[in-house]
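Visitor: I have not looked at this structure before, and I would like to learn how to read its features one at a time. Could we begin once it is in view?

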Amino acid sequence: MFHVHKNYGAKKALANITLDIPKNELLFISGPSGAGKTTLLKLLYLGEKVSEGQVLIEGINLSRISHKRIPFLRRKFGIIFQDYKLIASKTVFDNVAIVLEAIGKKRRFIEKKVKSILRTVGMEESLNSLPPSLSGGEQQRIAVARAVVGDPKIILADEPTGNLDEVSADIILELLKRFHTRGATVIIATHDKELIRKTGGRVIHLNQGYLQKITNT
Amino acid sequence: MILNYKRAVQDILDHRFLNAVTIITIAISILIVSAFALFFVNANEIINSWKKGIKIMAYLKTEPPEIKIPELKRKIQRIEGIQEVRFISKNEAFQELKKQMRRQSSLFENLKENPLPDAFEIRLKASFQNQKKVETLATRLESLPQVDEVEYGQRWLGKFTSFFNLFRLTGYAMGGLFFMAALLIVANTIRLVLYSRRDEVEIMRLVGATDSFIKAPFYIEGLIQGAFGGIIGLAALFVGFLLISLSMEQGISPGLFAIRFLSPGAFCGIILGSTFAGWIGCYLSLKQFLE
């Protein structure tokens, strides 16, 4: 990221952010509500466009990417949201399989891969359940499974434990660490200092859209 | 592709009521449009058959000058556009009239003499069977000194054709309006479905689904709605057609008109049209929604 600014009308969401994230890093973006954590993540997967500055991912300038190429860029990412964003009317299997269907994988491969990833997150028993019938922690595990099923290079997690109890939060964190050790770059936006302390890594501190400091824990 | 079909069918099943309403509305629109088409096809055929049978009756004067029939017949036959001339004597005409009015025979008993004139029945060549040419011929025949009066059905047929053409224009306009209505209804239904699934669409976009992957099942849904609406509308029309043709056979005009159903070409055209309406309705709402 080079001198990135993001404005929503007159409101400044991010101001002059310059940041380099190497491959396979486990990085935290920290700060209070309204600091610009979610906006920063959105700029990475082109959920929003920068107002000024440049964002480069593997050498690709996101300001110059065509509308048609955006889905292909997004396949580099696995995204986890605080509110899980699961499709309530689809089964757990279908919620995870949608990623592979969208990239045109064969049915047999999808079945094998989805079952395997659900086993990894400990949710293979809930294959045919609908998300509303699961607990928050279980739903977030499904969201993690969906985020990693396509073997993304970068995992973005926006307050992944924000709605969870401590036990569920630890499970999610362990899963994220496991995928990080397998080679993915993991970027977690959180205001939970305890979570950062437990995990360790580089921390970007944001406040009111400005990069305050970078620390290592 | 199979996956897209499965997704489309699943969508239809998930939104049964919405889809049923759309299909029924398209069916009603198609029923109205194709009922107009059916009427025009049959009315056109009847008018054409009437036009083919156009004949001019030239009634001769009863008073002198002395009429030499064979000479007059030759004279008429020489006029351009005339195919056949037949002389009907006043006695022949009277006998024919009596035959036709057998039930009212008492009317003729009190007649002291035959009131009918001698006449020529004149049939025209096919190329002369239009209003202007018939009128010119009639004027020419009327100018003959032996001819008292000329009569032909084209007068009222011409008026009827003009009225029919106006009616046809109204039909086209109504057809267009119903097509537009079907189109907007499909667009609206797909939009409602899209709104009810906007979270799903957003998630699909976030996981890297292309626009075509997202749109495909909706397009299939629109095509299915259009095709089913067309088939149901035409099926309803066919039932109506059977009932009407049955009542015509048993009713007051047996054998007068043989009405027929739409040709296979028109049938396929209407279904293709309604399928296209489904597709274009879908296209409109997807364009707006995904932008």
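Visitor: In which loop of chain A does A:Glu159 lie?

Guide: Please keep in mind throughout that this is a predicted model. A:Glu159 lies in the loop between strand 8 (154-158) and helix 6 of chain A, and its phi is near 45 degrees, a positive value in a residue other than glycine.

Visitor: Is A:Glu159 buried or exposed?

Guide: The general idea is that a residue counts as buried when its relative accessible area is under 20%. A:Glu159 has a relative accessible area of 8%, so it is buried.

Visitor: Where is A:Asn24, and what is its phi?

Guide: A:Asn24 is placed in the loop between strand 2 (11-17) and strand 3 (26-30) of chain A, and its phi, near 60 degrees, is again positive in a residue other than glycine. Its relative accessibility is 36%, and therefore A:Asn24 counts as partly exposed.

Visitor: Which residues of helix 6 of chain A are buried?

Guide: The buried residues of this helix are A:Ser168, A:Ala169, A:Ile172, A:Leu173, A:Leu175, A:Leu176, A:Phe179 and A:His180. Because they cover an arc of only 155 degrees around the axis, they are on the same side of helix 6 of chain A. On the other side of the helix, A:Glu166, A:Val167 and A:Thr181 are exposed.

Visitor: What is found at the start of helix 6 of chain A, and what just after it?

Guide: At the start, a side-chain oxygen of A:Asp165 comes to within 3.1 Å of the backbone nitrogen of A:Val167. Just after the helix, A:Gly183 has a positive phi of about 120 degrees.

Visitor: Which residues touch the most other members of the largest nonpolar core?

Guide: To read a core, one looks for buried nonpolar residues joined through their side-chain atoms. The largest such core has 71 residues, and A:Val114 and A:Leu118 touch the most other members. Helix 3 (residues 92-102) of chain A gives the largest share of this core, eight residues. Apart from neighbours within four places in sequence, A:Leu118 is in contact with residues including A:Val92, A:Val96, A:Met123 and A:Ile142. There is also a second, separate core of 30 residues, which includes A:Ile17, A:Leu27, A:Leu62 and A:Leu156.

Visitor: How many helices and strands does chain B have?

Guide: Its secondary structure comes to 10 helices and four strands, and from the N terminus on the elements of chain B run α-α-β-α-β-α-α-β-α-β-α-α-α-α. Of its 291 residues, 38% count as buried. Chain B exposes about 17200 Å², of which carbon and sulfur atoms supply 62%.

Conventions:
Residues numbered from 1 in each chain as written. Chains lettered and ligands numbered in written order. Predicted model: local features only at pLDDT ≥ 70, side-chain atom pairs only at ≥ 80, totals over all residues. Heavy atoms only, no water. Buried < 20%, exposed > 50% of the residue type's maximum accessible area, 1.4 Å probe, protein only. Helix = DSSP H or I, 4+ residues; strand = E, 2+ residues; numbered from the N terminus. Arc of directions from axis to C-beta. Polar contact = N/O pair within 3.5 Å; in protein donor to acceptor, adjacent residues only side chain to side chain. Areas by Shrake-Rupley, 256 points an atom, 1.4 Å probe, with all protein chains shown as cover. Core = buried A, V, L, I, M, F, W, Y, C linked by side-chain atoms within 4.5 Å. Contact = heavy atoms within 4.5 Å.
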